[in-house]
Amino acid sequence: MKLNLKIWRQKDANTKGQIKEYPIDGIDGDMSFLEMMDVLNEDLIAKGEEPVEFDHDCREGICGSCSLQINGEPHGPDRMVTTCQLHMRKFKDNDTIVIEPFRAKAFPVIKDLIVDRTAFDRIQQAGGYISVNTSGHTVDANAIPINKEDADDSFYAAACIGCGACVAACKNASAMLFTSAKVSQYALLPQGRIEAVERVQNMVRQMDLEGFGNCTNTGACEVECPKGISLENIARMNREYLSAKVKG
Ligand code: SF4
Ligand code: FES
């Protein structure tokens, strides 16, 4: 397969970036999108040119680092997959593919296609934990009965990999889907109720401090999320937040 790649190149955070064109040949439909990028980079290195920088780690949909905007969509045209799980068979011979970094004020570009997503880490650090005394006797995991539906919903919320596609998909660059998933995974479990009031307030405060936009319920985040994180989490976080304000 022959492709015409249009890729965002940016030397560093302080230099203006631009789209550059890279024709590429010999791409197999069974390759992943990142393998296609590897082929491009091998070509560039062989020609003495600088390879395109992009983030990746697990290459199996777990770490959330491979965040690319592909033809205007976070993680490309497929649904419920990350960029590393996207196959080149989703494209046709002679297609033009525009590849950009995720765009959001809170995700500044570091180089080429790599953005700084430490804003998510700081939201997580603001409340994404429970305090449990682990010295001495360890509590048996099954000692606290948990409703099956709540356990399932908590598990689905915990599937968020922090990729940032929800922010990149949102016209307001809102981080509500991410933050609500992180709030929900604890809010639904008895272990998470102890610090629930502080958690939701601290995480929402940090989200706002990072410069993410407001949620206007477009639902684009849910559509582009590779892990199927539901908008119900945003509704749950709003309830948690209002209840915390009343209690606080
Ligand atoms: S909610 Fe979905 S799109 Fe947003 S960071 Fe989590 S996994 Fe990625
Ligand atoms: S490289 Fe880890 S999710 Fe894609």
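Guide: Let us begin with Met80, which is found in the loop between E4 and E5. The model before you is a predicted one, and the description that follows should be read with that in mind. Met80 has a phi near 60°, a positive value in a residue other than glycine. Its relative accessibility is 52%, so Met80 counts as exposed, the threshold for that word being over 50%.

Asn71 is not a glycine either, yet its phi is positive, at about 50°. With a relative accessible area of 40%, Asn71 is partly exposed, since that value falls between the limits of 20% and 50%.

Five strands make up an open sheet with mixed pairing, and their order across it is E2-E1-E5-E3-E4. Strand E2 and strand E4 (73-74) have a single partner strand each and stand at the edges, so one side of each is left without a neighbour in the sheet.

Towards strand E2 (residues 18-24), the pairing of E1 is antiparallel and extends over 7 bridges. Towards strand E5 (residues 95-101), E1 runs parallel, and 5 bridges join the two.

Leu3 has Ile24 as its bridge partner in E2. Leu5 can be followed in both directions: its bridge partner in E2 is Tyr22, and in E5 it stands opposite Ile97. E1 is also mostly covered, with 6 of its 7 residues buried. As a general point about such elements, the side chains of a regular strand alternate between the two faces of the sheet.

For a helical counterpart, consider helix H5 (176-187). H5 has 12 residues, and the distance from its first C-alpha to its last is 15 Å, close to the 16 Å expected at 1.5 Å a residue. In general, an α-helix has 3.6 residues a turn, so residues three or four places apart point the same way.

Helix H5 also brings us to the ligand. Ligand 1 sits in the largest cavity. Helix H4 (165-169) and helix H5 are the elements that give two or more residues to the shell around it. There are 13 residues around ligand 1, and those that come nearest are Cys160, Cys163, Gly164, Cys166 and Cys225. By class, the shell holds 11 nonpolar residues, 2 polar and no charged.

Phe212 is found in the loop between helix H7 (196-209) and helix H8 (220-224). In contrast to the exposed Met80, Phe212 is buried, with a relative accessible area of 7%. Phe212 and Ala173 are 39 residues apart in sequence, while their C-alpha atoms are 5.7 Å apart in space.

Definitions and conventions. Residues numbered from 1 in each chain as written. Chains lettered and ligands numbered in written order. Predicted model: local features only at pLDDT ≥ 70, side-chain atom pairs only at ≥ 80, totals over all residues. Heavy atoms only, no water. Near = heavy atom within 4 Å. 1 Å grid on protein atoms, 1.4 Å probe; cavity = no way out; pocket = protein on both sides within 12 Å on 5 of 7 lines; lining within 4 Å. Sits in = over half its atoms within 2 Å of the grid points. Helix = DSSP H or I, 4+ residues; strand = E, 2+ residues; numbered from the N terminus. Nonpolar A, V, L, I, M, F, W, Y, C, P; charged D, E, K, R; others polar. Expected span 1.5 Å × (residues − 1). Buried < 20%, exposed > 50% of the residue type's maximum accessible area, 1.4 Å probe, protein only. Pairing = 2+ DSSP bridges.
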